[in-house]
Each structure stands twice: as structure tokens, then as C-alpha cells.
Amino acid sequence: MIALIKKDFKLNFAVKSSLISMVMFVPLLLFITEINDIVRIFHFIVLSYGYILTNIPFKYDVKDKSHLLIQSMPVRKRDIVISKYIFAIISYCIALAFSLLIFTALDLLNIGDSINLSFNDIKETFLAYILISSINLPTQFRLPPKLANIVNVFIYVFITNHFVFIPNSTTIANFLTNTIANNDFLVLIVSMIIYLVSMIISIYLYKTRDLY
Amino acid sequence: MLEVINLTKNFGNFKLDNVSFKLEPGYIMGFIGPNGAGKSTTIKLIMNLLKKDSGEIRIFGKDHIKHEKEIKDRIGFVYDESFFYEDLSINQMKNIIAPFYSRWDNKKFDQYIKEFNLDPHQKIKKLSKGMKMKFSLALALSHNADLIIMDEPTSGLDPVFRREVLDILYDVIQDEGKSIFFSTHITTDLEKIADYITFINNGKIVFSKPKDEILETYGIVKGDNSLLDTDTRKEFIGLRVTKVGFEGLTDNPQKFRRKFGDSIIIEKPTLEDIMVYSVRSERL
Amino acid sequence: MKIIISNSSDEPIYEQISRQIKEMIIKGELEEGEILPSIRGLAKDLQISVITTKRAYEELEREGFIETVPGKGSFVAMQNKELMKEKKLKIIEEKLAEIVRESKMLGIGYEEIADMLKILFEEE
């Protein structure tokens, strides 16, 4: 299990090309879009980085067909799936830490508006991230890679839109923000259950799939 | 050590049909057949990369799915394609793979890398096909595997290197607890080293026998066309008739010798002869 | 120890091996109790399959020329002295028979051959 997680780690950070594309990606996106609210920017960065970190190893599987290599080693398919779910959470933590670092630095250097991040923001991004991953991961484990990519981009755009771009007046974002503010413990439990269910589904999907 | 029993997999327009064979510890089995015969499919089924429809596969005496992890710990695997992360270096790739195996031997790995003249810091995408294969081989031999499975490892490699690979395999087989299963369509490699040959064609096993027995049972008969009649033609597995004479493969050369005496020539067949004639006759 | 096999000969390879080892034992080039190469080592050196060398050794064992001790290897068996002498004489006899055939064909008589034989023995 640890070997699998380490592998995903190395794929993200040991290769110069993926590091560069990671670091460049979000500033580029920020450039293109127009978000004025710093909190929104924070949400966006955390979600995006978490998403990228989780998906880069999958991209490699497609490019180099390395999932065949992994499968010929002594690993259980179940362990592969579980490690990815664990790694997705680790990716979130890294993305979070990274974003906090950047924003603290910007704050200290007095660049831009000062940012007031509350614990709620972290909860919101966590929830959004869990939801994205719960749909993202099973598609990666089941669908042919090109299709999975298309589906995932849609999911990513859809959810980030609702959390980041569309102002508070939409019902979904409102509903979620309110729910989180009022019952965050409940929300946490429910989201973790969704995550676990997604994992069990992924295990089943991956086990019954033929790898060419 | 490796037992395949009535393995079947349906692909729509191709079917792997009741494939069975057995390999004991201490021997090398060559798995031959024309392209598309089902060699890679069989190997992928053995390694559980594809789901079988029916049949049994036992490795080290255990079911290959129920005990998948402990079995794969003892299998060294060499593919015909490279499935490594191209952007990583040899060492980086090795560091990802090594922790998966309980009996990884880093010294051995370094020895092989040195012997194969590979640069451990070289990125995998910069390696030639031969070098990638050497890397695969180094990995497969560095975790004390008891069964080595290779899927067309020498296709695309020059004869000099293919000989080197054979030498390495000979060294492996000095330990009679190890076995090697080796699919290829370059039969000359197997001519020397293989103990057993399994021949697959169109998804079915044609035969699975000791190599010596095959080469002794079959014979190439050459003679003048005047000797051919409907009865004699039946004795041939495959026959090639030209203006200047005929040449055919038979599994009963003694009968020809008795019937025609000195008016024909009987030669020892090569594995390639056997494969080519068998496949051609099927196509007719 | 010298074993050379020919891939193009009609004689099966395992027979070539057992024959050559037999000859060496009979001629005394391999002594009693001397250890033979392992089946696998021999297969590697000759670049042939293990089953072939195994078969050769099995035949030699069946005919009493060698003994295999599990875990240790194969050794030249203690040879029955009388049997050995008989085998050696048989080889000589076959060679002499060939000489006689040749001589008759070439029209050379017994006296000339006997003389030649005497000179050759004295050269020793």
C-alpha cells in the first residue's frame, strides 16, 4: 500500500515536466478567468491542485500503459484502488498546505487584498473535493481513459463553477454553505460515507475490468 | 510449477479454446505460434490481466487468482513492450518497483545493470528497445523469482544480444527449482535451449511435448513429384509441390522410408518448419 | 573431458553424448569414481536442453557406466574389469576387421600386414 502511494507521489514530484505543468497551471487559469473574491481564488486553487495531483498518475497510466506493469507485480487490485483514494486525500492536504503557504506569503508581503480565511472555507473546499473525487475516481477505474478524461473535466468544471464562480445566489452553493455552517459534523460524516461508497464501487469496477 | 487447464476466453471474433499445458520446475518451455495465435492472450490470462471465461490456472500449485499476490511475488515478468514510466530514469523506476517484492536483491540488480552496460541515470524514454528489454530482464531476475515468464522478449533484437539472453537463461536454469516460460516466434532461439515446446495456432494447442521428441517424431520428406499419389499425400501435415519436386512435413517419416527407400531424402525438421507447415495446412 | 556434438548428424544428440562418454570410460580417459559435469552444467556448455543431457546420463546409468548420487552428482561407476577388457577387445576386433577388409580389397596379403603390425608395435 505504501509502495503504491509512494509511487504516485514520485510521479508527481520526481518528474520535472509534471512539476512545471503543475506550478504553471493555476496561475494560467487565474489569468484567464476573472475572479475578484480572494476567497473564491483560494477555493479554486485548492480544488484545482488537488484534482491535478490525483489525476497525473492516471494520465501516466494512459500514456505509458503502466497499469499493466503494476498489475503484473504482487499487488491486489483492491489495494490499488484504496491507495488512490488515500492519495486523493493526501493530494488535498498538499494542495491546501500549498495554497495556505502562498496566501500567507502574499499577506506578509502585503500584496493584494488581505484574505480572511475561516475554517468554513476549508470545510467547503473539502466537501467539494470529496464530491469531485467520489465521481472522478470510479470513472478512472472503469471507463476507457479518453472517455474518463472527458467525464472528469465536465465534473471538475461543473463543481468548481458552483463553488467558485457563481456568486452566492445559486441554490446549490447556498444550500451547501448553509448546511455546512449549521451541521458541519453531519456533513462531514455524509461526505465520508459517500467517499467510502465510491471506493467500494471503484474496487468492484476495477476488479471486473479487463486490462489490455 | 505452471499448470494451465482448459483455459477458455471468448473475444467475439477470436477464441482461446480449451488451452492446456503443464511446466515442471527446472525446465524451459517455449511457447510458439504465428502472430495472432493467442500467445500474448494466454500469457495475459495467466498473469490475470485479462479475465478468463473458464478453466483453471495453477502456479506453484496454487490458484492464480486466489493467491495472486504471493504468486506474483515469485514471478519475474518480461513483456514485449515497455510499460515503464517513460519520464523516469532507470534508478527511479527501479525504486518504484523494488518495494513491491519481498525478496528484492539490489546487489544483483546493480550487477545486471553493469553487465548490460546500462546507465542507471538514463531516462527510460531515451533507451533503445534492446536496452529497455535488458532493463526488464534485470528487474525480472533481481527478486529471486522462481518462475520467469517472457512474452516475445527477443523480437526486434539483434542475434548477438539474443544469444546473450539465452546464456543468461541457461544460468537461471542451473537452479533446478526455477522454470522459464518463453513465448516467441523466433524459433531458432528455442531450438537449442527449450526442454518443452507448446505450439498454439488459432487459439488452440496443437501440441505440448518435449522438444527432442518433436524433432525426432517429425521429418521433412523430399522427393520427386512422381511419388505423390492421393494416399501418400494424406500422410503429410503440410506439403509444398514445385516443378522440380516436393517437400513436406510428416509425423511418420519411418513409413516413408519403408515405402520409398532411397528415392527420397528425409531430414530433421526445424521448429520453424513444423510451425510453418502446420499453419499453412490449416489455412488451406 | 571433451564432448563435441554435431547438430547436422543423423545421430540423436543424446546418443552422441552417451557414446562419447562411453568411449572415454572404456579407453580409460575417464577414471572410475571420476565426477561428471552436472546435467544442467553440461546443457549450458553444449547449449542444448536439459532433457537431452538427462536422457544421455540416464542411458549411461542404465548400461552401468555411471552412477548418480542424488544431491552429489554423477560418477563413473566401478567398472567390471572383465567386462571392460571384453569391450576394449571388441573395439580392437572391429578395427582389425576393417583393416582385413581393406587389405583384401587392395590385394594385400596377410604376411605384409603382419610385418607392418610388427614394425608398428616395435616403434612403441
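1. The model is predicted.

2. Chain A has 212 residues, and buried residues make up 32% of them. Of the contacts in chain A between residues at least 6 apart in sequence, 77% join residues at least 24 apart.

3. One helix pair in chain A can be looked at in detail. Two packed helices are described by the angle between their axes and the distance between the axes. For helix H6 (residues 119–142) and helix H9 (residues 184–207) of chain A, the axes come within 8 Å and cross at roughly 10°. Angles under 35 degrees count as roughly parallel, and H6(A) and H9(A) are therefore roughly parallel to each other.

4. Which residues of H6(A) meet H9(A)? On the H6(A) side they are A:Lys123, A:Leu127, A:Ile130, A:Ser134, A:Leu137, A:Pro138, A:Phe141 and A:Arg142. On the H9(A) side they are A:Asp184, A:Val187, A:Ser191, A:Ile194, A:Tyr195, A:Ser198, A:Ile201, A:Ser202, A:Leu205 and A:Tyr206. The residues of this contact of H6(A) with H9(A) divide into 11 nonpolar, 4 polar and 3 charged.

5. Is A:Phe154 buried or exposed? This residue is in helix H7 (residues 145–165) of chain A. A:Phe154 counts as exposed because it has 12 C-beta neighbours inside 10 Å, and a residue with 12 or fewer is exposed. A:Phe154 and A:Leu53 are 101 residues apart in sequence, and their C-alpha atoms are 17 Å apart in space.

6. Helix H3 of chain C covers residues 50–62. Does the distance between its ends agree or disagree with the expected span? At 1.5 Å a residue, its 13 residues should span 18 Å, and the end C-alpha atoms are 18 Å apart, so the two agree. The buried residues in H3(C) include C:Val50, C:Ile51, C:Thr52, C:Thr53, C:Arg55, C:Ala56, C:Tyr57 and C:Leu60. After H3(C) comes C:Gly64, whose phi is positive, near 85°.

7. On the contacts between chains: there are 2 pairs of chains in contact, and chains A and B share the most contacts. Chain A and chain C do not touch, and their nearest C-alpha atoms are 28 Å apart.

8. Chain B and chain C do meet: 13 residues of chain B are in contact with 10 residues of chain C. On the side of chain B that touches chain C, the elements giving two or more residues are helix H6 (159–173), helix H7 (187–193) and helix H8 (211–217) of chain B. H8(B) gives the most to that side, with 3 residues. The residues of the side of chain B that touches chain C divide into 6 nonpolar, 1 polar and 6 charged.

Notes: Residues numbered from 1 in each chain as written. Chains lettered and ligands numbered in written order. Predicted model: local features only at pLDDT ≥ 70, side-chain atom pairs only at ≥ 80, totals over all residues. Helix = DSSP H or I, 4+ residues; strand = E, 2+ residues; numbered from the N terminus. Expected span 1.5 Å × (residues − 1). Buried ≥ 20, exposed ≤ 12 C-beta atoms within 10 Å, placed from the backbone. Axes fitted to C-alpha atoms, helices over the stretch in contact; angles between N-to-C directions. Parallel < 35°, antiparallel > 145°, perpendicular 65-115°, else oblique. Contact = placed C-beta atoms within 7 Å. Nonpolar A, V, L, I, M, F, W, Y, C, P; charged D, E, K, R; others polar.
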